[in-house]
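Hi,

Here is the structure I promised to pass on.

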Amino acid sequence: MSIILENVRLAYNTGFSLEIERLDFPDGGITGILGPNGSGKSTLLKIISGILTNDSGNILIDEKDISTMTNVQLARNISYVPPRLDNLPMIRLYNLLEAGRYPYSLGFGILDCKDNEKIDEALNVCDLYDKKNYFLNQLSSGELQRALIAKAIAQDTDIILMDEPFSNLDPSYTIKIIEIIKSLRKYKTIILAVHDVNIAYFLCDCLVGLKNGKCFFTFDNRSKFDIEKINSLYGVVFSLCEGNIVLKFR
């Protein structure tokens, strides 16, 4: 599903504002959003998901403005993966994924065989099936991150938004989540905010740079990775060395 933002603006009382004149996300594949801390990456994802409401402008999903959609319609089209769960509810992993099926339960919370199949599928994709009866506080940080992704997969949306899915993970869990995201790219539109330029270079089909709440660049990562734009975005010096992005330390 394609996503288009037109003249979108959201201002905070802190003085920061996100202002996007035009931004097109392609249908399918993985788009990475890069930018310094405080550049508006999380705000952008939350506006697209409907968690935050923009002050002005239009957000179109397949040419339909999300402001005309009900919460259930939005939840059937877009799932959002937060960077973490700050407060772990005393529920089991399976119950977390059940919550991802609420858009299809007609508000009664009653699940059928299809719902259970979607949950089991998501658990298997994220290699968590053997942990389905664990309470969330029994999971490691890497398992919790996969659990949040599994919930989004169980929600069965065409669009998945991920806010820093690699935060606070060791290398082995980072690789696992990269592989999960790669497995989804063929049949989902994935947009993720990411700090690690190396991961963005390796994983994403398109890249968007945000700076001071504005779109700084967009480019097709597969046809031309523009390292000079990356350097200008962060004000540092990266170099491309044997297929890896290396930060130059002074």
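A quick word on labels: helices (H or I, at least four residues) and strands (E, at least two) are DSSP runs, numbered from the N terminus. Ala 122, for one, lies in helix H4. Bear in mind that this is a predicted model, so local features need pLDDT of at least 70, side-chain atom pairs count only at pLDDT 80 or more, and totals for chains, interfaces and linings use all residues. Residues are numbered from 1 along each chain as its sequence is written, and side-chain values use heavy atoms, with hydrogens and water left out.

Let's start with H4. The helix covers residues 113-125, 13 residues in total, and reaches 18 Å from its first C-alpha to its last, close to the 18 Å expected at 1.5 Å a residue (the expected span is 1.5 Å times one less than the number of residues). Asp 112 caps its N-terminal end, with a side-chain oxygen 3.1 Å from the backbone nitrogen of Lys 114. After the helix comes Asp 127, whose phi is positive, near 55 degrees.

Which residues of H4 are buried? Asp 115, Ile 119, Ala 122 and Leu 123 are (buried means under 20% relative accessible area, exposed over 50%, partly exposed in between, with a 1.4 Å probe and protein chains only). Seen down the axis of H4, these buried residues fall within an arc of 100 degrees, so they line one face of the helix (the arc is that of the directions from the helix axis to the C-beta atoms). On the other side of H4, Cys 113, Glu 117 and Asn 124 are exposed. What do the buried residues of H4 pack against? Their partners are helix H3 (93-99) and helix H5 (141-155).

Back to Ala 122, which has a relative accessible area of 0%. Leaving aside residues up to four places away in sequence, Ala 122 touches Leu 97, Ala 150, Ile 153 and Ala 154 (contact means heavy atoms within 4.5 Å). Ala 122 and Ala 154 are 32 residues apart along the chain, yet their C-alpha atoms are separated by 5.4 Å.

Enjoy exploring!

How values were computed
A polar contact is a pair of N or O atoms within 3.5 Å; within protein, one must be able to donate a hydrogen and the other to accept it, and residues adjacent in sequence count only if both atoms are side-chain atoms.
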